[in-house]
Amino acid sequence: MKKITEMHDAEFEHYVNNGLKSLGYAFPETDDQMSVFEKKVGTQPLPKEFQTPDFVFNNERKVRSISYQNQLNEVAESNWAIAARDGKDLPNEILNQMKKDKENARSKKDGAAK
Amino acid sequence: MDKELLKDVDSLANYSDEELFLLMSYRDENAMEAQKAYTIFFHRYKDSLWKLCFCICSNCNTPENEELAKDLFQNTSIAIYNYGHTFDPKKSKVTTWMSRIAKSELYHLLSGIKEYRIDEHLAVLLENKVDEKSENDFEFQSSEQEALQAAIESLTEREQEVILTYAMYEDGKKQLPAEMRQYLLDKYNTTQLNIQQIKSRAHKKIKEHIVSHSNLSIIK
């Protein structure tokens, strides 16, 4: 006979988060979550550059300061491109969004330059 | 690292993780011994750490996930070498502690922080606080794991990103960092209220999927 797990509605979000961490959708944070992760998730071949730990002793830290910013700019540019294709009579909500995108991009560009 | 001096690395092969961390902590006084100790530790856990980095970054909605996984692996490996002495085996097993370091490193990589603020980072590591098992933690059965995986895959890209971002950063008393909240708002050109609705809708879909595909029963 199969075991039935019962829980209250309010506990469900915690349950889902526990599951996501156990399955590697988010970082495992308890030993139990890590144990499930280690057992359930298959291995991946390690890239060649990491076969020895020399990069650690050379202290070669990676910095990735603009990847999210690039994504945001791509989204903003995409909105502009869609609007441009649609032609002249743009609804007010699109015009407002274009204005907002432009202002966001400008303020972030200014912030990055400081 | 000088190959001649690495000849006797194997002499440390039977050392425990804690003994290796102790040798690493003397890297200023005896760099060679510290590097030998780390080499043993690295080979012991490199596959495990890479699996974690690769798996997590595969779920990050960025254009170059494998490159991100490599950067995360590299920075986490360096942090482990520098801060191994903060590990406390009474609080967690070593892979759980490494996962916590990787989480902090990913946040640094993605949040666009230009300067590596070492004091702030060290504080996270020294805290070495690993979530205790909650009384509300349910035993996660195999059928539920499969149902959860299928449920996540059935979500839209936006729902997936919202729910995974919250799961990554928000838990119990911990709130979603302001930078990550703003990232979601900007990326989807939406409001905080709408993000909450997307999250709520995604949870509802997951719940319906798990209940209909596993032995889980929700009590109203």
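B:Ala167 reaches across to the other chain, touching A:Asn17, A:Leu20, A:Tyr25 and A:Ala26, with residues up to four places away in sequence left out of the count; touching here means contact, that is, C-beta atoms placed from the backbone lying within 7 Å. The model is a predicted one, in which local features need pLDDT of at least 70, side-chain atom pairs count only at pLDDT 80 or more, and totals for chains, interfaces and linings use all residues. Residues are numbered from 1 along each chain as its sequence is written, while chains are lettered from A and ligands numbered from 1 in the order in which they are written.

B:Ala167 also turns up in the largest nonpolar core, which has 62 residues. Such a core is a set of buried Ala, Val, Leu, Ile, Met, Phe, Trp, Tyr and Cys residues joined through C-beta atoms within 7 Å. The members that touch the most others are B:Met24, B:Ala37, B:Tyr38, B:Cys53, B:Leu72, B:Ala102 and B:Ala167. Helix 2 of chain B (residues 31–58) supplies the largest share of this core, 13 residues. As a general point, nonpolar side chains tend to be buried together in soluble globular proteins.

Chain B as a whole has nine helices and one strand, where helices (H or I, at least four residues) and strands (E, at least two) are DSSP runs numbered from the N terminus. Along the sequence the pattern reads α-α-α-α-α-α-α-α-α-β. Of the 220 residues in chain B, 34% are buried; buried means 20 or more other C-beta atoms within 10 Å of the residue's own, exposed means 12 or fewer, and partly exposed is in between, with C-beta atoms placed from the backbone. Among chain B contacts between residues at least 6 apart in sequence, 66% join residues at least 24 apart.

Next, the helix packing. Helix 2 of chain B and helix 4 of chain B (residues 94–110) have axes that come within 11 Å and cross at roughly 45 degrees; axes are lines fitted to C-alpha atoms, for helices over the stretch in contact, and angles run from 0 to 180 degrees between N-to-C directions. That angle makes the pair oblique, given that angles under 35 degrees count as roughly parallel, over 145 as roughly antiparallel, 65 to 115 as roughly perpendicular and the rest as oblique. Helix 2 contributes B:Tyr45, B:Ser48, B:Leu49, B:Leu52, B:Cys53 and B:Ile56 to the contact, and helix 4 contributes B:Thr95, B:Met98, B:Ser99, B:Ala102 and B:Leu106. These residues split into eight nonpolar, three polar and no charged; Ala, Val, Leu, Ile, Met, Phe, Trp, Tyr, Cys and Pro count as nonpolar, Asp, Glu, Lys and Arg as charged, and the others, Gly among them, as polar.

Helix 4 of chain B also packs against helix 2 of chain A (residues 31–40), at about 95 degrees with the axes 9 Å apart, so the two are roughly perpendicular. Here A:Asp31, A:Met34 and A:Glu38 meet B:Thr95, B:Thr96 and B:Ser99, a set of one nonpolar, three polar and two charged residues.

A:Asn59 is in the loop between helix 3 (54–57) and helix 4 (67–86) of chain A and counts as exposed because it has 9 C-beta neighbours inside 10 Å. B:Asn189 sits in the loop between helix 8 (178–187) and helix 9 (192–213) of chain B, and its 14 neighbours inside 10 Å make it partly exposed.

How values were computed:
Two residues are in contact if their C-beta atoms, placed from the backbone, lie within 7 Å.
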